[in-house]
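This report describes a few local features of the structure shown below.

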Amino acid sequence: MEKANLKAREYRFYSQKNQKMMCLHSTQARDYAKRLEEWLWIVSYDACVPLELTDQIDPWGIRQTNALFRGSDGNCYATQAAAGSILGVPGIGKTSTIRRCLAAMPQVIEHTEFEGQPFYCKQVLYLRVECPSDCSVKTLALNLVAALDRAIGSNYLHQLTALRSAAASAIAAQVKILCMTHHVGLILVDEIQNAVVTAQRNKQVKPLIKFLVELTNDTCTGVFFVGTPLAEELFISQEHLKRRPRGIRLLPLKPDGVYRSFLKQIWRYQLTPERAELTEALANKLYDWSGGIPAYIVKIFQESQAQAFLMGKPCIDTKVMQQAINLLAIKVPKTYTGGTHISQTFFW
């Protein structure tokens, strides 16, 4: 933008958003126009037009958006958004269960009217992303933008990646604005244990957690973590995180009635020439080598049938199952520090 010689304090520049020359009369208007050119969700705008506050314009939202770029709190007195975590041993179905729960509600609600007045907004109820393996704030922010694009059909990621020189802090600020614009209710970060592994290697976990905490505080968006018990080390080591990621800690099935009910459910899916009876010996062997983890139970059951075919057996038995166990080489811990067995929380 260059100062024009026509009038004092007059600035002219070519707007990429409006595809025409713009004329502004103050440095404040010029600086704000720069922001409008950078903001991804702005398609076009007018200059030198008085703003009339009506029911369709939210002055609080305008103040909040500007406050994020000024670095102030915008006089936001909203209570802290929800935060929590679901940690459990691998293979018990955390991710699958959460996906089914999220599928029970619409991800996007498109508003066209509010209290008899036109109101156009695509409200996003939740976004689900995986914690990046490199524990990078920029990678996580881009993953969130990509998830938002998939949800509402936008093109924010392409516009962000076009800004090759954009710093991680600038992209993080854009994510905050997008969360406010689309009223994102929940961000679910899966595989959070990746942050612990990275922290042990290069100590880069603090910027990532700080970004998520700031995102919760600035936008009132809830953040929940999903992962293995390894992530508990991260939550305990950070003083400001101890009270936030409280939640359920899941352990495998116990060798009780729920475990037997689960076996009865999968025992119907036998493809061998003859159906094997669910005996005490088979049930005990399957539990001893799977540790009560549903994913391992199913895997051993499937491989046992494959071995029965290869060994020429009409159905599975303890010998065939042992062959499958040896082939899979599954090792599970015998003891766990603490938590709730899924036998106590789920009903088959």
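Two strands pair if DSSP finds at least two bridges between them. Helices (H or I, at least four residues) and strands (E, at least two) are DSSP runs, numbered from the N terminus. The model is predicted: local features need pLDDT of at least 70, side-chain atom pairs count only at pLDDT 80 or more, and totals for chains, interfaces and linings use all residues. Residues are numbered from 1 along each chain as its sequence is written, and side-chain values use heavy atoms, with hydrogens and water left out.

**A hairpin**

Strand 2 and strand 3 (residues 20-24) run antiparallel and are joined by five bridges. Four residues lie between the two strands of this hairpin, and Gln 19 in the turn has a positive phi of about 60°. Phe 13 has Met 22 in strand 3 as its bridge partner.

In a regular strand the side chains alternate between the two faces of the sheet. The table shows this for strand 2 (residues 11-15); buried means under 20% relative accessible area, exposed over 50%, partly exposed in between (1.4 Å probe, protein chains only).

| Side chains in strand 2 | Face | Burial |
|---|---|---|
| Tyr 11, Phe 13, Ser 15 | one face | buried |

**A buried loop residue**

Ala 81 lies in the loop between helix 2 (59-70) and strand 4 (83-88). Ala 81 is buried, with a relative accessible area of 13%. Not counting residues up to four places away in sequence, Ala 81 touches Thr 216, Cys 220, Thr 221 and Gly 222 (contact means heavy atoms within 4.5 Å). Ala 81 and Thr 219 are 138 residues apart in sequence, and 8.5 Å apart in space, C-alpha to C-alpha.
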